[in-house]
Amino acid sequence: MQQIFIDNNDIVDDTITITGDDANHLINAVRIKSGEQIRVSTSSEESYLCEVDTTSEGVLVLKVTDTLLSTELSSRITLYQAIPKGDRMETILEKCTELGAYRIVPVEMERCVVKLDDKKKAKRLERYERIAESAAQQSKRSCIPCVGPFMTLDEAIKESESADILRIVPYENKNGMTDTVNVLNEVKNYKEIAVFIGPEGGFAPHEIEALQVGENTKLISLGKRILRTDTAAITMVAALMLELEQNEL
């Protein structure tokens with residue numbers, strides 16, 4: 001089943017009119033026909049089952065037939081991801097969107113190899129947003145994750161300092177899984193979770209010191225092995241997803 005995202009105002013008396021790129025893709029590439037079903041999610045994270053009413057050149061008219069359950073996690077996960085080399089950020093965006101991350105923020109850290117000027121950052125954000133939307137459609141998310149803006153580590157720390165936010169930092173020098181298990185048992189008590197993932201060379205010592213300010217910061221281990229930055233991000237978000245959805249049972 002195809003999935004698209006719309007604004008709340010696009011629904012009028014249980015009728016939705018789709019134009020632009022979404023309509024052209026569904027009509028010309030997918031070749032969707034009258035009577036077929038499509039999933040539609042709104043800007044307020046509501047999801048509906050719709051039936052194609054009519055198609056014409058560049059215009060698709062849908063009728064809402066049912067309300068669908070949200071596919072979002074009970075807590076909002078913000079991933080503060082150190083900017084990795086190559087196309088690893090794209091992998092992180094795709095997989096962490098599928099797993100339920102609510103927001104993904106590229107963060108400049110001391111040991112990041114990649115250095116970007118403002119023009120390159122703007123171009124990358126445009127591409128990152130397209131990747132997040134595509135992954136959200138594929139995984140039937142009820143919303144498209146927010147991407148960006150690029151931040152320094154100090155900016156990311158300041159943004160996540162609220163006492164209402166659980167801040168989780170997987171750290172390669174943290175030994176043992178006891179703290180990891182304890183933190184995962186806590187996540188259901190927080191509506192906002194911030195995850196900080198370091199770069200290929202790991203966090204610098206002063207970065208770890210800065211991150212540990214505040215009683216809601218938890219340093220944890222992701223096991224005995226050293227994970228690549230993209231693997232660490234995906235592993236952490238997957239663990240949070242499993243814990244949060246298990247608590248919904």
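Colleague: Which residues line the second largest pocket, and what makes a residue part of a lining?

Modeller: The lining consists of Gln2, Gln3, Ile4, Asp21, Asp22, His25, Leu26, Glu133 and Gln137. The model is predicted, so to speak of it with care, local features need pLDDT of at least 70 and side-chain atom pairs count only at pLDDT 80 or more, whereas totals for chains, interfaces and linings use all residues. Residues are numbered from 1 along each chain as its sequence is written, and side-chain values use heavy atoms, with hydrogens and water left out. A pocket is an open set of points, on a 1 Å grid over the protein atoms alone, where a 1.4 Å probe fits and where protein lies on both sides within 12 Å along at least five of seven lines; a lining residue has an atom within 4 Å of such a point.

Colleague: What is the volume of the second largest pocket, and which element gives the most to its lining?

Modeller: Its volume is about 210 Å³, where volume means the space filled by probe spheres set on the grid points, which are joined across faces, edges and corners. H1 gives the most to this lining, with 4 residues, while S1 (2–6), H1 (20–29) and H3 (118–138) each supply at least two.

Colleague: How do you know whether the span of H3 is close to the expected one?

Modeller: The expected span is 1.5 Å times one less than the number of residues. H3 has 21 residues and reaches 30 Å from its first C-alpha to its last, which is close to the expected 30 Å.

Colleague: Why is Tyr128 called buried?

Modeller: Buried means under 20% relative accessible area, exposed over 50%, and partly exposed in between, with a 1.4 Å probe and protein chains only. Tyr128, which sits in helix H3, has 4% relative accessibility and therefore counts as buried. Leaving out residues up to four places away in sequence, Tyr128 touches Met89, Glu90, Leu93, Pro106, Val147 and Phe150, where contact means heavy atoms within 4.5 Å.

Colleague: What places the buried residues of H3 on the same side of the helix?

Modeller: In H3, the buried residues are Lys121, Leu125, Tyr128, Ile131, Ala132, Ala135 and Ala136. They cover an arc of only 135° around the axis, so they lie on the same side of H3; the arc is that of the directions from the helix axis to the C-beta atoms. On the other side of H3, Lys119, Lys123, Arg130 and Gln138 are exposed. The buried residues of H3 pack against S1, H2 (88–99), S8 (103–108) and S9 (146–147).

Colleague: Is Gln81 buried or exposed, and how do you know?

Modeller: Gln81 is in strand S7, residues 76–82, and at 0% relative accessibility Gln81 counts as buried. Beyond its neighbours within four places in sequence, the contacts of Gln81 include Met89, Ile92, Val105 and Thr229.

Colleague: Why do Asp13 and Asp14 fall into their accessibility classes?

Modeller: Asp13 has 72% relative accessibility and therefore counts as exposed, whereas Asp14, at 47%, counts as partly exposed. Asp13 lies in the loop between S2 (11–12) and S3 (15–18), and Asp14 is in the loop between S2 and S3. Asp13 has a positive phi of about 50° although it is not a glycine, and the phi of Asp14, also not a glycine, is positive and near 60°.
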